[in-house]
Amino acid sequence: MFGWLRTLFMFSIAVAIACPAYAQEASKKLPLYDVVLKGGRVMDPETGMDAVRNVGITNRTITAISVNEISGVETFDVTGQIISPGFIDVHNHSPSPLGQMYQARDGVTTSLELEAGSYPVAAHGAYIRRKARINYGASTSHTQARMVAMSGGNHAGVQNILGATRANIGRDNGEARTRYVVANAGERKDIKSTVEDGLLQGGIGIGMLLDYISDAVDEDELRDIFALAAQYQSPVFVHIRRGIAGDPSGLDEVLSMAKATGAKVHICHMSHNAMKNVALFLEKIRAARKNGVDVTTEVLPYNAGSTSIGAAVFGRDWQKIFDIKPEDVQLASTGEYFTQESFDRTRAENPNAAIIHHYLKEEWTRHLVVAPDVILSSDGLPVISLDKKVPPQGIGSFAKLVGTYTRDEKLLPMMTALSKITLQPAQLLEKAAPAFRLKGRLQIGMDADITVFDPLVIKDMATYENPHQPSIGVTHLLVNGKFVIKNGDLEGNAFPGRQIFASPLAKR
């Protein structure tokens, strides 16, 4: 309770001793909750609740969901709006002030770096430490742990999602060995030990950029990492090895390894690996699940890929792999499309430059957006400055799901859409990180991470040409019981976000 409220409460007790009638009247007037969201459509994918209710919040917790009138220190009439569990993004690379602002506007209350991860784990979020608008966290990075183990302790830059930067370590030691050199038995032992250290630091699973270091990771090293994940009951978040235009061999590899070791595996951005074979990939995942493999997957609702021009795939026959030409690829910072000459020059001179390569078709994306068992994520690249363009998915993915695909095109029911961005991400993570047992649900006793949005208004605004346009339609956003967005306005000095860590196995 607030200090003044506690004082008033004690005063009321004193008066009540002398005047019971006063006590009865006072109890009707005293606010029982810090915040009340009144008259909204409460939607909870776990229980199936879809009804008009009043929601009460005390401190960081949902403490009432009621048809009766309830009183709060602050009360907001949200009639006609949806009160949803806060959206959870399991795949985002932008723990930056601007990135968090955009994600808050998109309804996200927890944003996680699980594909690439971080090592040390606590280094993630260095740019938002003590000024996080929304919750954040990371897996432990196999790629960066591999670099530490194979280069005498060198670390990659905090913001580098590929696990290596030439500026930091040079091609002749850590980066070259991380990307291209197969580890011997002693080095594999060091890699496994370093990854395990990241799990003990609280990494939410293991992030594995397998396609970026495809030449270096052999079957023995892959088995070591999957076995470690099984031992710690932590998921492996994997960017599978990419074949030619939808070759499923990379998927088959990790599904077989998960089956053999008992590890839980999450396949990142499946449409961007499956391409024309999205139906086949999803069929294989569902078949593996029926065969006892604990496997999940995700889709981002945009039809382009985003990465660095120096990524390993562009050192292979990338035009055949993606079935595109240089004219289908943009420099993210300017929006300029490449020629063969400018592509080769930029890759040589600025290998960390972010690019956007347009190689997906809308029907492939829709196939996975509609699938009820496929999580939706953003795969948003770092948003550092308004001066540079970025791909739009880190800014508008969630509003695009509930606005464009669900409301406008009626491709899936609203409850199904919400399940893909609230309950299912929480269930994916809750064994490794028990904090998620209290997230992704709108129930009494759950964390007050809440997204309130107008279903008639919510819409993604970001485009490839003009990405710096936040989504509209989120009217209130609460993170750990505190407003980040109130009445449609961003609360400038509100930083209630917290870093989330996994718990040691013994404490789960």
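Reply: Happy to! A cavity here is a set of points on a 1 Å grid over the protein atoms alone where a 1.4 Å probe fits but cannot get out, and lining residues have an atom within 4 Å of a point. Points are joined across faces, edges and corners, and a volume is the space filled by probe spheres set on them. This is a predicted model, where local features need pLDDT of at least 70, side-chain atom pairs count only at 80 or more, and totals for chains, interfaces and linings use all residues. Residues are numbered from 1 along each chain as its sequence is written, and side-chain values use heavy atoms, leaving out hydrogens and water.

Me: Ok, how many cavities of 30 Å³ or more are there?
Reply: The structure has 3 of them.

Me: Which residues are closest to the centre of the largest one?
Reply: Y212, H239, R242, S306 and T307, out of 21 lining residues.

Me: And how much space is in the second largest cavity?
Reply: About 60 Å³. Its lining includes N92, S94, H124 and Y136.

Me: New topic: what does the chain's pLDDT average?
Reply: The average is 90, and 90% of the residues score at least 70; pLDDT is the predictor's confidence in each residue, from 0 to 100.

Me: Where is it below 50?
Reply: One such stretch is residues 1–27, with 16 contacts (heavy atoms within 4.5 Å) beyond near neighbours in sequence. Residues 158–172 also stay under 50, and there the model has 49 contacts beyond four places in sequence.

Terms used:
On a 1 Å grid over the protein atoms alone, a cavity is a set of points where a 1.4 Å probe fits but cannot get out, and a pocket is an open set with protein on both sides within 12 Å along at least five of seven lines; lining residues have an atom within 4 Å of a point.
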